[in-house]
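User: Hi! I have a model open here and would like to walk through it with you. Could we start with one of the helices?

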Amino acid sequence: MLGYDSSDLLTKKVTEIITGEELSKDFDLAYQFLSGQITNYQVEKSCLHKSGKIIWVLLNVSLLCDVNRNPLHFIWQIQDISKRHEVEQLKNEFVSVVSHEVRTPLTAIKGALEILATGILVDEPQEAEQMLKIAVSNSERLLRLVNNILNLEMLDSGKMKLNLELCDINIMVKQAMETVGPIAQQKSIEISYNTLDVANIEILADEETIVQVLTNLLSNSIKFSHAGNKVEIYATVSNKEIIVAVKDYGKGVPPHKLETIFERFEQVDVSDSRQKGGTGLGLAICKNIVEKHQGKIWVESILGSGSTFYFTLPL
C-alpha cells in the first residue's frame, strides 16, 4: 500500500511514515493503551508513500498482551481510503465553488429586479434596460453553471452518448467563433482562424460536443486575454489525426498547473473565479469529451506571454 516491502518497513520509524502534526496525540494514545485506559482506537491518517505522494488511510490500532496482561505488540490494521478522501475533497470544493457561483449572480439578479420593482426607473428607460441586461446576463451565467455540472456528470457516468458522424472542422470552428463573438467584441478581441492544410477534411465526431470544446477553449482564452488583444485558432493534420490549437496572449499558466488545470474546479489562480467568474469545470469537460473521441488535450504556456491549448481527434 505504501510502496515498501517488509524489510524496508522494519527499518522505518513511525514518524517517517505518518505525516501531519498530530504525533503527540498518537503518543498520548499509546500511553493510554499501556496504562489500560483504552483497548483500541480508530483514526484517519495521512501517510507518506515511498514515491513521496500522500495516501490517506483508516488506522485501527489494538494492543496484544500476554496471559498476564503485559503488553507485547501494537497491532495496526490499515485501510486505504484515498479514493474516499478524494471524493470528500471534491465534494467540499464543489460546494465551495458552486455556492459562490450561485450566490454572486443571484445577488445581482435580485438587486436588479428589486430596483425595477420599486418603480423608480419608470421614467428612465435606459437605466431600466440596463437593469434588465444585468438580470439576463447573470441568468445566463447560472444556466451555464447548471449545464456544466450536468454535462460533466453525464460524461463521467457514461450517460452521454456520442452521436458520431462525418463533420467538417471548419464549420465547427466557425460555429464556436459565432457563439463567443459577443464576449470577444465586449473586450475588443479579434479572433482569427487559419485552416492551414485541413480544407475539406472531415472527421468522425460528435459535432455538438466538439463545438462545446472549441467554445470552452475560446471563452477561456478571451476571458484571460487583455482588452484589444487577439486569439488565434489553427488546425493541421499529422500522423492520421487532426490537431486544433487555440492560442492567446494572456497571462499564461504556471508550469505546475499545466496538467492539473484540466482537473475539476482547478483555476490558474484562486482569485480567477471571484474576478472573472467560472467554476473550473470547463477544461475538465473539454478533457472528458476529447478523450471520449480517443483524442488528447494539453496546454503549452509561457507565463506572462500567453497559452496555446491543443487537442487532437483521429481521422
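User: Which residues of α5 are buried?
Analyst: The buried residues of α5 are A128, M131, A135, N138, R141, L142, L145, N148, N151, L152 and L155. Buried means under 20% relative accessible area, exposed over 50%, and partly exposed in between, with a 1.4 Å probe and protein chains only. Helices (H or I, at least four residues) and strands (E, at least two) are DSSP runs, numbered from the N terminus.

User: Thanks! Before going on, what sort of model is this?
Analyst: It is a predicted model, where local features need pLDDT of at least 70 and side-chain atom pairs count only at pLDDT 80 or more, while totals for chains, interfaces and linings use all residues. Residues are numbered from 1 along each chain as its sequence is written, and side-chain values use heavy atoms, with hydrogens and water left out.

User: Back to α5, then. How far apart are its end C-alpha atoms?
Analyst: They are 48 Å apart, which agrees with the 48 Å that the 33 residues of α5 (125–157) should span at 1.5 Å a residue. The expected span is 1.5 Å times one less than the number of residues.

User: And what follows the helix?
Analyst: G158 follows α5, and its phi is positive, near 80 degrees.

User: Where do positive phi values turn up in residues other than glycine?
Analyst: Two examples sit in the loop between β7 (230–238) and β8 (241–248): N239 and K240. Phi is about 50 degrees for N239 and near 60 degrees for K240.

User: Are those two buried or exposed?
Analyst: N239 counts as exposed because its relative accessibility is 71%, and K240 counts as exposed at 74%.

User: New topic: how many residues are in the largest nonpolar core?
Analyst: It has 44 residues, and those with the most contacts inside it are M172, L214, L217, L218, I233 and F311. Helix α7 (207–223) gives the most to this core, with seven residues. A nonpolar core here is a set of buried Ala, Val, Leu, Ile, Met, Phe, Trp, Tyr and Cys residues joined through side-chain atoms within 4.5 Å.

User: What does F311 touch?
Analyst: Not counting residues up to four places away in sequence, F311 touches V213, L214, L217, I242, I243, V244, V290, K296 and I297. Contact means heavy atoms within 4.5 Å.

User: How many aromatic pairs are there?
Analyst: The count comes to two. Rings of Phe, Tyr and Trp (its six-membered ring) pair if their centres lie within 6.5 Å; planes under 30 degrees apart count as stacked, over 60 as edge-to-face and the rest as tilted. F262 and F309 are edge-to-face, because their ring centres are 6.1 Å apart and their planes are at 75 degrees. F262 lies in the loop between β8 and α8 (271–276) and F309 in strand β10 (306–314), so this pair ties together parts 47 residues apart in sequence.

User: Are F262 and F309 buried or exposed?
Analyst: F262 counts as buried at 6% relative accessibility, and F309 counts as buried at 5%.

User: And what about W298 and Y310?
Analyst: Their ring centres are 5.2 Å apart with planes at 15 degrees, so W298 and Y310 are stacked. W298 is in strand β9 and Y310 in strand β10, twelve residues apart. W298 is partly exposed, with a relative accessible area of 27%, whereas Y310 counts as buried at 15%.
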